[in-house]
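These entries record what I looked up in the structure.

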Amino acid sequence: MDLNTIETVVRPRSRTELPTWADGDACLGGGTWLFSEPQVGMRRLVDLAALGWVPHTVDAEGLTLAATCTIARLDRLELPPHWNAAPLVSQCCRALLGSFKIWNVATVGGNVCLALPAGPMIALATALDATCTIWSADGTERDLPVLDFVLAPQRNALAPGEILRSLSMPAAALARRTAFRRISLSPNGRSGALLIGTRGADGAFALTVTASVKRPLRLAFDGLPGPAELVRALDEAIPDSLYHDDVHGRPDWRRHMTRHFAEEIRGSLDAAPSPGAAS
């Protein structure tokens, strides 16, 4: 779609070239959502791709993804074999249903910043304890857990002039075993519930709930909970008002699938670990 209100496109090559933020500005990553519908309040686009950020970095500390890393690049990334959670990356990438054109343009940061309940990069980042690095308008930066970054559908924690620079996932989180469950109302539909379980070598268990709820949630346990304990924890963490309601699923169905998948994941991670086991 042509954005006929846009008057200027700025392509900064470094942080010092970023313009002073003004009303009507918007950051352009991949643009797959930005160009999908009218943006009547926008006057200027700041093209982040021009900054030339390295898409991803893998080292002993873990995995760092630039906000401009595309879904296609992330899906092709080869991760160390001792990172048990490696298959989870591809599973979350493939939860973003779209053509190869979308995959090669849509960005990790754009998916997180849009803050849609079904955002699979939000699910991935939450399950792997990701920290957002944010560039502030005054030249400083701050770090924020992704759980605190995504606030509600299409609402995030960025202040005017702030930019999501990267997401960092620690090696300890990537070493955990994982279990992945997702459902939609149609074969190629938007996720109605997407849950991820992780379990560490110490037995600690965590359950990430996305898509069925308005913002991501992560429930943590010292060990594997029993079925009744897990249901109680879900009910305490997710009041009825927090279940999402739109054309992609009613709240009662989302609640049912959340409980169902939570128990499946609990059972999957109760089994003895196997090499590279992500289910």
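**Entry 1: the cores.** I looked up the largest nonpolar core and found 53 residues in it, with Leu74, Val112, Met121, Leu124 and Met169 having the most contacts inside it. A nonpolar core is here a set of buried Ala, Val, Leu, Ile, Met, Phe, Trp, Tyr and Cys residues joined through side-chain atoms within 4.5 Å. I take buried as under 20% relative accessible area, exposed as over 50%, and partly exposed as in between, with a 1.4 Å probe and protein chains only. Helix H5, residues 120–127, gives the most to this core, namely six residues. Apart from this core I noted another one of 21 residues, among them Leu219, Leu242, Tyr243 and Leu269. As background, nonpolar side chains in soluble globular proteins tend to be buried together.

**Entry 2: conventions.** The model is predicted: local features need pLDDT of at least 70 and side-chain atom pairs count only at pLDDT 80 or more, while totals for chains, interfaces and linings use all residues. Residues are numbered from 1 along each chain as its sequence is written, and side-chain values use heavy atoms, with hydrogens and water left out.

**Entry 3: Leu74.** Which residues does Leu74 contact, leaving aside its neighbours within four places in sequence? I listed Leu65, Cys69, Val89, Cys93, Val108, Met121 and Leu124. Contact means heavy atoms within 4.5 Å.

**Entry 4: the chain as a whole.** I counted nine helices and 14 strands; these are DSSP runs numbered from the N terminus, with helices (H or I) of at least four residues and strands (E) of at least two. The radius of gyration of the chain is 19 Å, which agrees with the value near 19 Å for a compact globule of 279 residues. This radius is taken over C-alpha atoms, and the globule rule is 2.2 Å times the number of residues to the power 0.38. The C-alpha trace spans about 55 × 40 × 35 Å along its principal axes.

Of the 279 residues, 50% count as buried. Among contacts between residues at least 6 apart in sequence, I found that 62% join residues at least 24 apart. The chain exposes about 13,000 Å², of which carbon and sulfur atoms supply 52%; accessible areas come from the Shrake-Rupley method with a 1.4 Å probe, and for residues only the protein chains shown count as cover.

**Entry 5: charges.** The mean positions of the 27 positive and 29 negative charges are 4 Å apart. Lys and Arg count as positive and Asp and Glu as negative, without His and the chain ends; the charge is placed at NZ of Lys, CZ of Arg, CG of Asp or CD of Glu.

**Entry 6: H5 and what follows.** Asp129 follows H5 and is found in the loop between H5 and E6. Its phi is positive, near 55°, in a residue other than glycine. Most residues other than glycine have a negative phi. Asp129 is partly exposed, with a relative accessible area of 27%.

**Entry 7: Ala211.** I recorded another positive phi, near 75°, at Ala211. Ala211 lies in the loop between strand E13 (205–210) and strand E14 (217–221). With a relative accessible area of 1%, Ala211 is buried.

**Entry 8: Ala137.** Ala137 sits in the loop between strand E6 (131–135) and strand E7 (141–145). I found it exposed, at 60% relative accessibility. Not counting residues up to four places away in sequence, Ala137 touches Pro160, Gly161 and Glu162. The C-alpha atoms of Ala137 and Leu269, 132 residues apart along the chain, are separated by 43 Å.

**Entry 9: Leu224.** Leu224 is placed in the loop between E14 and helix H8 (227–237), and counts as partly exposed at 22% relative accessibility. Not counting residues up to four places away in sequence, Leu224 touches Arg199, Gly203, Phe205, Arg266 and Asp270.

**Entry 10: Met257.** Met257 lies in helix H9, residues 251–270, and is buried, with a relative accessible area of 9%. Leaving aside neighbours within four places in sequence, Met257 is in contact with Ile183 and Ala193. I also noted that the C-alpha atoms of Met257 and Leu195, 62 residues apart along the chain, are separated by 9.5 Å.
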